[in-house]
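Subject: Structure handover

Hello,

I am passing this structure on to you. Please look through it first; my notes come after it.

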Amino acid sequence: MRKRFLRFWPRNLLLSWVLSYLLMLCIPIAVSFAFYNNAYGVIKSEIMRANLGLLRQAQQDVDGHLQEIRQLSTQLAFHAEEQGLMYWEQPLTANQRYMLASAQATFRTYAASGSFIDSFMLYLPRSQYVLTNRAAYGDPKQLHQELYGSTGLTFKAWQDLMNDRYTGQFMHLNQAGGTVASQTEPMVSFMRSLPLSNPTSTMATVVVSVKESKLLDTIRAVQAVNKGTVLILDAERRPIASTGRIEPDELSKILEAFAPFGDAAGSTQLDRGGTVMNRIVSATTEWQYVSVIPSSTFWVKAERIRAWSLAGLAFCLLLGGLFAYVLARRQYHPVGEILRLLSGKARQAMERHRDEYHFIREALRDSFDESAHMQRQLQQQSSVMRSNLLFRLLKGRLESAYPIDEALAAYDLSFPRDSFAAVIFYIEDFSDLFRSTGGEDEEKRLKFVQHIVRNIVEELTNKTYVGYMTDLEDNMMTLLVNVPGDGDSAEQVGSRILEMATEAQSFIASRFYIDHTVSVSAVHAGIPGIRAAYTEALDTLEYKMVFGTNRVIAYEQLQEPDPIQTYYYPMDKEQHLINAVKTGNFEKAMDTLGELFEVNMAMKAVPIDVSRCFMFDLVGTIMKTLDEIQLADKRQFMRSWDPITRLLKRETLQDMKREMESLLRQACEWVDENKKSRNTGLRDRVYQYIQEHYRNSNLSLAGIAEDIGVNSAYLSRFFKEQHGESLLDTLSRIRLDHAKRLLRDGGHTVSEIATMVGFYNSNAFIRTFKKYEGVTPGQYKEI
Amino acid sequence: MKRHTRKGLTVAATIMLAGGLLAACGGNNNEENRPSAASASGASQTASTAGTSAQSIAISYYTALNANASAVVTSLSDVEMYKELQKRTGVAVNFKHPAVGQEKEQFNLLIASGNLTDVIETAWNDYPGGPSKALADGTIVKLNDLIAQNAPNLSKLMKENEAVDKMVRTDTGDIYMMPMINLGKYRSFDGPFFRKDWLDELGLKTPKTIGDWENTLRAFKEKKGATAPFTATAKKLKEFTMLPGAFGVSHGYYLDGGKVKYGPAQDGYKQYIALMNKWFKEGLLDPDTFANDTKKMESNLTSGKSGLIFGYIGGTMGTLTTSVRQTDPKFELVGAQYPVLNDGDKPQFVKRDPEVNASGQVGITKANAHPAETVKWLDTLYGEDGALLKNFGVEGLTYTMGNGKPTYTDLIMKNPDKLSPAQAMAKYFRANYPSPGLADDRYIEQYYTLPEQQEAAKTFAEYADLSLEHVLPPVTLTPEESEELAQIEGEVNTYLDEMTAKFIMGVEPIDNYDKFVSQLQKMKIDRAVELKQAAYDRYAKR
């Protein structure tokens with residue numbers, strides 16, 4: 001199979017299909033690719049957006065918290081300033097203490113709400129009191145110990161911190177904290193110096209602290225998504241919190257990268273050096289939120305999409321290609337089968353063709369041609385078959401189970417009516433038609449004549465009834481007419497057919513010089529009736545002998561033959577005729593002949609066979625007559641005279657009569673002539689001799705020869721030549737003739753007659769008699 | 001191509017395509033589901049686990065973190081006991097703790113918010129209006145059937161101890177919580193502690209009378225430079241009964257010969273207040289008392305600013321002593337007897353823990369979707385194994401069994417991270433402060449490692465039984481009563497606190513005390529007393 005596929009390389013049908021499928025596949029792939037590209041771009045921008053969104057979320061969260069812190073600090077400031085806490089000095093009055101306690105109670109409520117802020121304090125240097133969210137500390141050292149005791153921050157350092165001037169800065173401080181002692185908790189503290197209104201003096205410090213871990217929590221969500229590092233930088237670009245360790249040089253690199261964009265509030269995105277950096281600068285706090293993510297992680301989703309898309313593409317191509325091939329092959333399968341089917345019958349080898357289609361086309365074309373050719377042949381055959389069917393119908397040669405209707409339909413024969421008649425056209429002579437032409441062969445001429453007759457007849461017929469002509473058969477063409485059995489009476493139909501036949505006959509004969517005889521049958525019902533009709537027509541045609549040719553003979557014209565009738569040819573008339581011929585008396589012969597014919601032809605309804613017999617009898621007579629004439633060149637004359645052939649040729653009685661006349665004339669003339677010839681001498685002397693000496697039983701050839709004086713051998717030969725039979729036979733016949741006369745006369749016994757006519761004995765007589773006459777003398781006597 | 005291979009190829013191709021599609025979709029889903037799953041598990045799963053077996057339920061649990069615990073853990077879920085309990089029962093617990101120092105505020109917020117956890121552990125008598133109101137409000141649910149069906153251990157204890165049975169119910173017989181049950185002999189765990197080393201140094205004996213106390217404080221101030229000889233917080237002052245007890249009164253309602261009385265309305269209380277004021281003026285009482293928190297208070301003691309503190313034998317004495325001794329080995333505390341006014345008097349108001357503790361009470365809230373499972377889970381703490389877990393922790397880790405006697409391991413007693421036993425215990429289980437379950441005396445014996453602790457225990461136990469007459473049992477009010485009482489108390493308490501502070505700090509002259517009392521009466525304190533009396537009468541009849 002494979003070889004066959006490759007046979008048409010490179011214009012292989014399979015290949016072209018596969019390629020076309022693949023081409024088709026290219027369209028969705030190309031479109032998908034375009035979409036993918038678009039999608040890739042969209043995804044990338046979305047990733048950027050999402051990241052930035054997260055960062056912004058964190059920024060907003062933290063900003064919100066910072067807002068809280070700021071607000072809290074303001075509230076604390078209120079206490080410090082409005083309530084005058086920061087102005088108090090030691091020793092405090094009871095009232096002041098009470099107010100401190102109240103303030104602290106209030107602080108406690110501030111702390112209850114919100115968990116972002118870890119703790120806060122209000123540092124009052126004048127009274128050396130520190131109010132925290134938990135308690136009031138009269139001794140700052142005590143607080144310091146608590147908060148920073150385990151960190152490295154000394155009391156002095158802390159105090160300095162507290163006394164510093166702040167306008168709202170954030171600082172990193174580590175407090176003592178955590179679940180295990182000596183653990184420190186990194187805190188981010190918001191520092192604000194009071195009074196807020198007076199920037200120069202520092203009367204109190206508000207510190208609001210947030211656990212760094214809490215800040216980290218806000219940005220951890222950002223980090224969790226992308227596994228980079230997220231930082232929060234304060235307004236001075238110092239890191240406040242970071243999810244991962246950032247080395248100082250890394251930090252400076254990051255800051256450098258963003259440097260060209262300034263510190264204006266807004267978002268910036270950079271993708272360079274293998275990392276993607278997003279930065280949002282808060283408008284309210286000027287803090288910066290930076291996320292640094294390695295490009296590979298940042299774009300991981302996009303890359304995955306890309307990988308998937310490309311994999312999908314490859315998969316598509318692969319699968320598509322596979323499918324294309326499989327489907328093409330599957331589709332090729334019937335083509336392959338067709339090829340296989342045709343290759344057996346192809347005239348040309350497959351290699352000669354460009355591709356499968358070409359091969360198939362050519363093979364089919366050949367096949368169609370062949371088919372057409374066969375069709376034509378079939379058509380030809382069909383007409384023959386049709387004719388054959390018609391013939392069979394006419395001749396009644398159909399099997400009982402023959403599917404007649406199908407056959408009729410198959411050959412386009414339709415018989416709308418139920419009855420039939422047969423009309424036979426017998427072609428006598430058409431030499432006149434071809435007189436001017438010539439050189440064409442008999443076959444062609446015949447066909448031409450057939451064609452003419454058929455066309456005319458069928459045309460004429462089909463005006464009234466449906467009729468089909470058979471082909472020529474023995475110079476005969478039969479028209480089968482389908483006529484209504486009911487409706488019109490049979491007579492009307494019959495007369496119409498006769499009319500038609502007559503018209504045809506006259507037209508053909510006159511225009512085309514075709515001599516022919518037409519016989520018309522009666523109407524018969526049903527398919528079986530066809531045979532009857534045909535037989536009738538045939539029989540009727542026979543009667544052209546009687547009625548003559550080149551006419552229309554209808555069956556109705558024929559009369560019921562008289563079965564008993566014979567022809568008129570008595571023996572005495574025959575004898576007259578013989579004698580006449582013998583003597584060469586033509587007039588006498590003619591008289592007799594005329595008489596015979598007259599009587600015969602006057603007889604009514606002579607069966608044709610009877611007429612024929614009469615003819616033959618006449619011929620016989622002549623033959624016998626001539627036989628008896630002993631003339632020298634009888635043979636020669638016989639040959640040229642040829643009476644039998646001539647007579648049998650004649651088909652009608654009239655013609656026969658004419659021929660007889662001619663024959664007789666010739667015979668008589670010949671006899672006459674020969675009678676004059678003296679060369680009948682020897683012959684006559686011998687014959688005379690026999691006539692005189694037949695009674696002598698010793699008569700023999702040698703004796704006669706001696707007597708006459710010729711060689712016996714010569715005599716034997718000569719005699720035979722002249723008479724046509726041997727001398728002994730003539731002798732015997734003469735003897736028998738006399739014997740017969742004697743027997744007829746009666747009065748003598750057989751043995752007497754034997755010796756009388758010259759036989760040696762009665763046995764010889766009886767023998768010889770029987771031989772020539774067929775009966776014994778005794779029997780002949782009885783007749 | 002043969003039919004089979006062609007068919008097979010088609011099938012294979014179809015499967016491949018389908019598989020690819022599914023993988024893509026599935027992949028997407030997985031991506032999306034992961035983060036949301038993560039967040040979902042963190043959030044409350046309270047109502048969402050309907051139909052799941054008890055083995056896999058999770059409950060949310062609100063309780064204040066005890067000082068000992070807050071020092072070592074951030075949440076009780078870190079405590080080994082609860083981890084073990086989860087392993088044993090399959091119940092996962094989400095603990096929610098208020099910030100230290102803001103327990104009251106946050107509790108109120110919790111109740112007000114309506115966003116209740118499944119379980120709240122607190123002193124339900126502190127609920128505005130009391131336990132009946134809590135039931136009436138629907139904050140907590142009645143536990144009678146739940147306990148009967150799911151708590152065999154507790155039911156047994158209730159059957160065996162009439163007092164227990166009485167104390168877990170309201171007057172109407174509704175069981176409103178699952179308690180901490182203490183059936184042992186140690187009932188007094190808190191009292192006043194003086195710095196023994198200072199006393200010794202100053203050649204003073206442990207003071208007995210109020211007068212002694214005053215002198216001792218004065219000596220602390222003058223001779224030891226204590227800036228806050230007696231340090232306290234406003235809360236602690238109100239909590240500890242030793243000072244007003246010397247004057248024959250208690251802080252709130254108490255019994256006097258079967259009659260309910262309101263402390264602050266009594267003359268004895270006035271005297272007590274006057275005393276406090278005196279001490280305040282003199283500088284014997286921490287000037288920042290009303291601005292202190294426990295941490296500050298303790299830090300006063302440990303930093304040498306104070307010499308007298310009210311606290312607990314374990315949590316205060318033990319913990320502080322252990323921690324200070326790291327730097328100051330001489331540090332020593334002594335548990336002093338509750339002061340009396342006159343020599344020979346016996347303190348009447350020694351704090352005595354009833355069989356059912358006033359705190360450590362667990363109520364099941366209306367938000368609980370698995371009350372039966374929760375009760376079952378809590379009930380384990382009343383059974384033998386559960387009690388061992390509660391009091392001793394995990395065998396092998398925190399205690400060893402020897403002759404049927406559990407002994408704490410070094411992990412507890414000599415903690416490698418230098419945690420005091422109290423803190424170590426708090427890290428692994430809940431023995432040394434009120435928490436639901438059955439308490440076990442044997443812990444105390446080991447808990448009080450320091451001899452002074454053992455001494456203190458004896459000292460405090462000495463007159464403990466005398467308070468039975470005076471201490472109001474945990475009476476409960478009807479919802480209507482509760483509401484009325486809540487209203488009254490709401491006003492009264494705020495006023496009381498304010499005025500107490502003012503009086504003590506001297507902002508308000510003591511002379512105005514009577515005005516204060518009449519104001520209280522105007523605030524219907526007598527009605528409140530009436531209500532309490534009625535409740536007590538009912539209680540007595542239970």
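Below is what was found, taken by topic.

Please keep in mind that this is a predicted model.

Chain A overall

Chain A has 783 residues, and 31% of them count as buried. Its secondary structure consists of 28 helices and 17 strands. If you take the contacts in chain A between residues at least 6 apart in sequence, 64% of them join residues at least 24 apart.

Nonpolar cores

The largest nonpolar core holds 216 residues. Which residues touch the most other members of it? They are A:Leu122, A:Val130, A:Leu131, A:Ile232 and B:Met425. Helix α2 of chain A, residues 13-81, gives this core its largest share, at 11 residues. Another core lies apart from it and has 69 residues, including A:Val457, A:Met477, A:Leu596 and A:Trp670. As background, nonpolar side chains in soluble globular proteins tend to be buried together.

For A:Leu131, leaving aside residues up to four places away in sequence, the contacts are A:Leu100, A:Ala103, A:Gln104, A:Phe107, A:Met121, A:Leu122 and A:Ala136. Among these, A:Leu122 is also listed with A:Leu131 as one of the residues that touch the most other members of the largest core.

A sheet in chain B

In chain B, 4 strands make an open sheet with mixed pairing, in the order β6-β9-β5-β10. The edges are β6 (230-231) and β10 (333-335) of chain B, each of which pairs on one side only. Strands β5 (residues 190-195) and β9 (residues 308-312) of chain B are antiparallel to one another and pair over 5 bridges. Within this part of the sheet, B:Pro192 stands opposite B:Phe310 of β9(B). Helix α21 of chain B, residues 451-462, packs on the sheet and touches β5 and β10 of chain B. The direction of helix α21 of chain B makes about 20 degrees with that of β10(B).

B:Trp124

B:Trp124 sits in the loop of chain B between β3 (119-122) and α5 (130-137). Is B:Trp124 buried or exposed? It counts as buried, because it has 26 C-beta neighbours inside 10 Å, and 20 or more are needed for that. Setting aside residues up to four places away in sequence, B:Trp124 touches B:Pro131, B:Ala134, B:Tyr176, B:Met177, B:Gln361 and B:Gly363. B:Pro474 is 350 residues from B:Trp124 in sequence, while the C-alpha to C-alpha distance between them is 9.9 Å.

Regards

Definitions and conventions
Residues numbered from 1 in each chain as written. Chains lettered and ligands numbered in written order. Predicted model: local features only at pLDDT ≥ 70, side-chain atom pairs only at ≥ 80, totals over all residues. Helix = DSSP H or I, 4+ residues; strand = E, 2+ residues; numbered from the N terminus. Buried ≥ 20, exposed ≤ 12 C-beta atoms within 10 Å, placed from the backbone. Contact = placed C-beta atoms within 7 Å. Core = buried A, V, L, I, M, F, W, Y, C linked by C-beta atoms within 7 Å. Pairing = 2+ DSSP bridges. Axes fitted to C-alpha atoms, helices over the stretch in contact; angles between N-to-C directions.
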